[in-house]
Amino acid sequence: MTTVAYRNGAFRTETRTVPAEVAVAVSIGGSTHAVMMATPADLEDMAAGLVLNEAIVAGIGEIEEIAIVETEAGIDCQIRLVEERARTYQTRRRQMTGPVGCGLCGVESLELAAPALPTIEATGAEPIAPQAICDAVAAMARQQDLSRLTRAVHAAAWHDASKGLVVTREDVGRHNALDKVAGHLARAGIDPRGGFLTITSRVSVELIQKAARMGCGLIAAVSAPTTLAISQAQAAGITLVAVVRGAEFEVFSHPGRIAGALAGLDRAANERTV
């Protein structure tokens with residue numbers, strides 16, 4: 001589209017690519033579960049990731065089919081679950097007061113808004129080098145094609161601990177981007193526990209909850225976390241890295257997964273006592 005830009009003290013016309021934002025419904029068994037504004041790409045991944053990250057299904061095998069249906073009003077991601085899981089979903093649905101787009105909206109109680117999360121145990125794997133985290137965020141940025149065109153979308157990525165970047169997904173919604181990553185990994189049969197996540201957005205509690213359900217022990221973000229996100233990451237055993245800028249970052253919980261971080265804390269503690 002054509003815009004009027006003010007640069008260097010003068011106005012001029014420019015052409016800008018803007019991202020598509022479409023009403024996308026996720027329907028389960030013929031009933032609408034959530035309606036959100038999303039980028040209309042990789043919707044099978046997003047639908048699969050959403051039902052996995054909201055614990056509607058325990059595994060990708062409980063999804064019998066995903067059909068993407070375009071309508072005049074938007075796009076409907078129609079999910080059919082296996083029979084036993086479909087019955088469980090109907091029971092859960094009766095506990096909801098409205099659609100669940102972000103993972104918290106529409107739940108009936110505070111207990112449902114703060115669900116018990118799995119604890120991510122240390123696997124004994126080699127700690128991740130600090131430079132690997134910086135490199136991972138840079139690798140994600142190189143694959144943010146839509147962001148370069150629009151400057152209006154979020155991204156999430158998953159990195160194999162030994163092989164590097166595996167998948168990057170973009171969306172106008174940060175939750176949607178992470179759901180797309182989760183869905184891709186599940187559909188490809190990749191275990192998320194073998195790597196870590198990077199995201200472009202601030203770290204909210206919903207993203208920590210999704211990372212915990214995926215089994216990812218480390219999430220690194222370009223922006224800062226909320227206090228609730230930090231406490232949830234601490235409780236879930238997740239290493240939360242944030243404010244990754246160039247060759248710098250801050251660690252907010254469980255630094256043991258990062259090579260040298262614990263030693264750095266010990267040195268700082270010793271210096272304070274001298």
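Student: What angle do helix α6 (residues 174-188) and helix α7 (residues 205-214) pack at, and how far apart are their axes?
Tutor: In this predicted model, the two pack at an angle of about 5 degrees, and their axes are 10 Å apart.

Student: Why are α6 and α7 called roughly parallel to each other?
Tutor: Angles under 35 degrees count as roughly parallel. The angle here is about 5 degrees, and therefore α6 and α7 get that label.

Student: Which residues make the contact?
Tutor: From α6 you have R174, H175, L178, D179, V181, A182 and L185, and from α7 there are E206, L207, K210 and M214. Sorted by class, that's six nonpolar, one polar and four charged residues.

Student: What makes α7 mostly covered?
Tutor: Buried means under 20% relative accessible area, and nine of the ten residues of α7 are buried. Those are V205, E206, L207, I208, Q209, K210, A211, A212 and M214. Just past the end of α7, G215 has a positive phi of about 90 degrees.

Student: Why is strand β2 (residues 10-15) said to lie largely in the open?
Tutor: Go back to that cut-off, under 20% relative accessible area for buried. Of the six residues of β2, the number buried is zero, so the strand lies largely in the open.

Student: How do you know that strand β1 (residues 2-7) pairs with β2?
Tutor: Pairing takes at least two bridges, and six bridges join β1 to β2, so they count as paired. The two strands run antiparallel, with T2 opposite T15 in β2. They form a hairpin with two residues between them, and N8 in the turn has a positive phi of about 55 degrees.

Definitions and conventions: Residues are numbered from 1 along each chain as its sequence is written. This is a predicted model: local features need pLDDT of at least 70, side-chain atom pairs count only at pLDDT 80 or more; totals for chains, interfaces and linings use all residues. Side-chain values use heavy atoms; hydrogens and water are left out. Axes are lines fitted to C-alpha atoms, for helices over the stretch in contact, and angles run from 0 to 180 degrees between N-to-C directions. Helices (H or I, at least four residues) and strands (E, at least two) are DSSP runs, numbered from the N terminus. Angles under 35 degrees count as roughly parallel, over 145 as roughly antiparallel, 65 to 115 as roughly perpendicular and the rest as oblique. Contact means heavy atoms within 4.5 Å. Ala, Val, Leu, Ile, Met, Phe, Trp, Tyr, Cys and Pro count as nonpolar, Asp, Glu, Lys and Arg as charged, and the others, Gly among them, as polar. Buried means under 20% relative accessible area, exposed over 50%, partly exposed in between (1.4 Å probe, protein chains only).
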